[in-house]
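The sequence and the structure come first.

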Amino acid sequence: YTVTSEDVERQLQRLLQQNPRIAEVTDRPTEQGDEVVLDYAGFCDGEQFAGGTAQQQTLTLGSGAFIPGFEEQLLDKVPGEEVLVKVTFPAQYHSEELAGKEAEFKCKIHEIHSRVPAEINDEFVKELKYDGVNTVDELRNYTKDNLAKRKESEAANKTESDLMDKIAEITEVEIPEVMVKSELDNMIQNYEARMMQQGLSLAQFLKITNQTVDQLRDSMKHDANKRIKI
């Protein structure tokens, strides 16, 4: 492995993107990616509902943080503008009283903020607060050292993983079915946990992918056997 100057510059660009400057926008309407500061109040069947009101709320347009269709209706608006947003709550919404219902939100936009990349200079480097790193040159050296350590670790992990895969491939082992079942149970539980982190239940995932839990287990058997061998 090697760390090139291009590797270092790419990493510095990522740092700039991850630490943008927030600038207030006053000369144009809202665009995708803007942060807006707004007030809103939600109404369903003409009645204001609990939990649907906020003041000075910050929302990034295009983030998908709000109900589908909400953020799109705030595009091409200006500070001070009042907007009536009409949406339909998802059928699987967490509040049963609102699930599947149409609603209106009375919104008022106060400010528009835009994220702009920072500039690579000594002031930016000091804001990062890396120990002993205060200049651009020091940041480049620090970045190069960290990339080298990361590449070394990745290379070692890949070597170990490739070696274990090869050993499993050429090893003949009688594996009791009860061990395979136990490993598959663990793999299904881990898979379900990952799905929940993405907002899906295992049942919803199986429905989307048009398969049964038995079919999912069958697709995992090869990996289960390899794990047991290793």
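## Helix α3

The model shown here is predicted. In helix α3, the buried residues are Val136, Leu139, Thr143, Leu147 and Ala168. These buried residues pack against α1 (5-18), α2 (122-128) and α6 (213-229).

Helix α3 covers residues 136-170, which is 35 residues. At 1.5 Å a residue it should span 51 Å, and its end C-alpha atoms are 51 Å apart, so the two values agree.

## Threonine 30

Threonine 30 is located in the loop between β1 (21-25) and β2 (35-44). Its relative accessibility is 4%, so threonine 30 counts as buried, the cut-off being under 20%.

The side chain of threonine 30 reaches two backbone atoms: the oxygen of leucine 74 at 2.6 Å and the nitrogen of aspartate 76 at 2.8 Å. Leaving out residues up to four places away in sequence, threonine 30 touches Val36, Leu61, Leu74, Leu75, Asp76, Lys77 and Ile112.

## Aromatic residues

There are eleven aromatic pairs in the structure. In one of them, the ring centres of tyrosine 40 and phenylalanine 66 are 5.6 Å apart and the planes lie at 80°, so the pair is edge-to-face. Tyrosine 40 is in strand β2 and phenylalanine 66 in the loop between β3 (47-60) and β4 (82-88), so that the pair links distant parts of the chain, 26 residues apart. Phenylalanine 66 also forms an edge-to-face pair with phenylalanine 70, at 5.0 Å centre to centre and 70° between the planes.

Tyrosine 40 is buried, at 12% relative accessible area, and phenylalanine 70 is buried at 1%. One aromatic cluster is formed by Tyr40, Phe49, Phe66, Phe70, Phe89, Tyr93 and Phe105.

Key
Residues numbered from 1 in each chain as written. Heavy atoms only, no water. Helix = DSSP H or I, 4+ residues; strand = E, 2+ residues; numbered from the N terminus. Buried < 20%, exposed > 50% of the residue type's maximum accessible area, 1.4 Å probe, protein only. Polar contact = N/O pair within 3.5 Å; in protein donor to acceptor, adjacent residues only side chain to side chain. Contact = heavy atoms within 4.5 Å. Expected span 1.5 Å × (residues − 1). Phe/Tyr/Trp six-rings, centres within 6.5 Å; stacked < 30°, edge-to-face > 60°.
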